[in-house]
Amino acid sequence: MSMSSTTTRRLAIVGVSVLSLAICCGLAWWQWERYSSAGGTFQNLGYVLQWPLFGLFPAFMFWRIRQLKRRQQEGREAPEPAAPPAPRPAARPAAPADDEDERDEELAAYNRYLAELNARDQEVN
């Protein structure tokens with residue numbers, strides 16, 4: 001009797017997840033022993049809390065991938081209605097000509113000011 005590749009793959013993923021959790025729980029126990037010793041620090045306590053999370057990560061990823069595949073299959077079966085096209089933004093009215101001239105004068109004055117500052121900076125250096 002041969003098992004299907006899907007079953008073999010799932011058993012391998014479960015095996016890796018269980019092995020990962022066992023190894024990481026062992027490392028957490030080791031860090032707890034270090035924390036409990038005379039030279040233990042709060043960093044060791046932090047690792048005690050961190051290692052089991054690392055051990056659970058492969059199981060979480062397996063669960064997350066299954067959820068995404070399930071959503072993708074549901075999306076194929078029942079397509080969502082197409083969204084209506086986005087409305088176009090209204091055109092902005094043109095600025096009056098005299099306002100534009102005023103901006104140009106302000107811009108020219110600002111550019112002259114920057115050139116003057118640059119010239120002063122060049123003289124100092």
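Which residues make a nonpolar surface patch of about 500 Å²? Phe57, Phe60, Met61, Trp63 and Ile65 do. A patch takes residues with over 30% relative accessible area and no salt bridge; nonpolar side chains (Val, Leu, Ile, Met, Phe, Trp, Tyr) are joined within 5 Å, like charges within 9 Å. Accessible areas come from the Shrake-Rupley method with a 1.4 Å probe, and for residues only the protein chains shown count as cover.

This is a predicted model: local features need pLDDT of at least 70, side-chain atom pairs count only at pLDDT 80 or more, and totals for chains, interfaces and linings use all residues. Residues are numbered from 1 along each chain as its sequence is written, and side-chain values use heavy atoms, with hydrogens and water left out.

Start with the overall layout. The chain has three helices and zero strands. From the N terminus on, its elements run α-α-α. Helices (H or I, at least four residues) and strands (E, at least two) are DSSP runs, numbered from the N terminus. Of the 125 residues in the chain, 7% are buried. Buried means under 20% relative accessible area, exposed means over 50%, and partly exposed lies in between (1.4 Å probe, protein chains only). The accessible surface of the chain comes to about 11200 Å². Carbon and sulfur atoms account for 61% of that surface.

Now take helix 1, residues 5-36. Its 32 residues should span 46 Å at 1.5 Å a residue, and its end C-alpha atoms are 46 Å apart, which agrees. The expected span is 1.5 Å times one less than the number of residues. Ser17, Ser20, Cys24, Ala28 and Gln31 are buried in helix 1. These buried residues pack against helix 2.

Helix 2 covers residues 42-77. Its 36 residues should span 52 Å, and the end C-alpha atoms are 52 Å apart, so the two values agree. Asn44, Val48, Gly55 and Gln67 are buried here. They pack against helix 1. Helix 2 also has a kink of about 35° at Phe57, shortly before the proline Pro58. The bend at a residue is the angle between axes fitted to the seven residues ending there and the seven starting there. Phe57 counts as partly exposed because its relative accessibility is 47%. Phe57 is also one of the residues in the nonpolar patch.

Contact means heavy atoms within 4.5 Å. Ser17 is buried because its relative accessible area is 11%. Ala59, in helix 2, has a relative accessible area of 33%, so Ala59 is partly exposed. Ala59 and Ser17 are 42 residues apart in sequence and 5.3 Å apart in space, C-alpha to C-alpha. Across the chain, among contacts between residues at least 6 apart in sequence, 50% join residues at least 24 apart.

Finish at helix 3, residues 97-124. The structure holds one salt bridge. A salt bridge is a side-chain nitrogen of Lys or Arg within 4 Å of a carboxyl oxygen of Asp or Glu. The side chains of Arg120 and Glu116 form it, at 2.4 Å from N to O. Side chains of opposite charge can pair when their charged atoms come close. Arg120 and Glu116 are four residues apart in helix 3, so about one helical turn separates them. Arg120 is partly exposed, with a relative accessible area of 45%. Glu116 is partly exposed too, at 42%.
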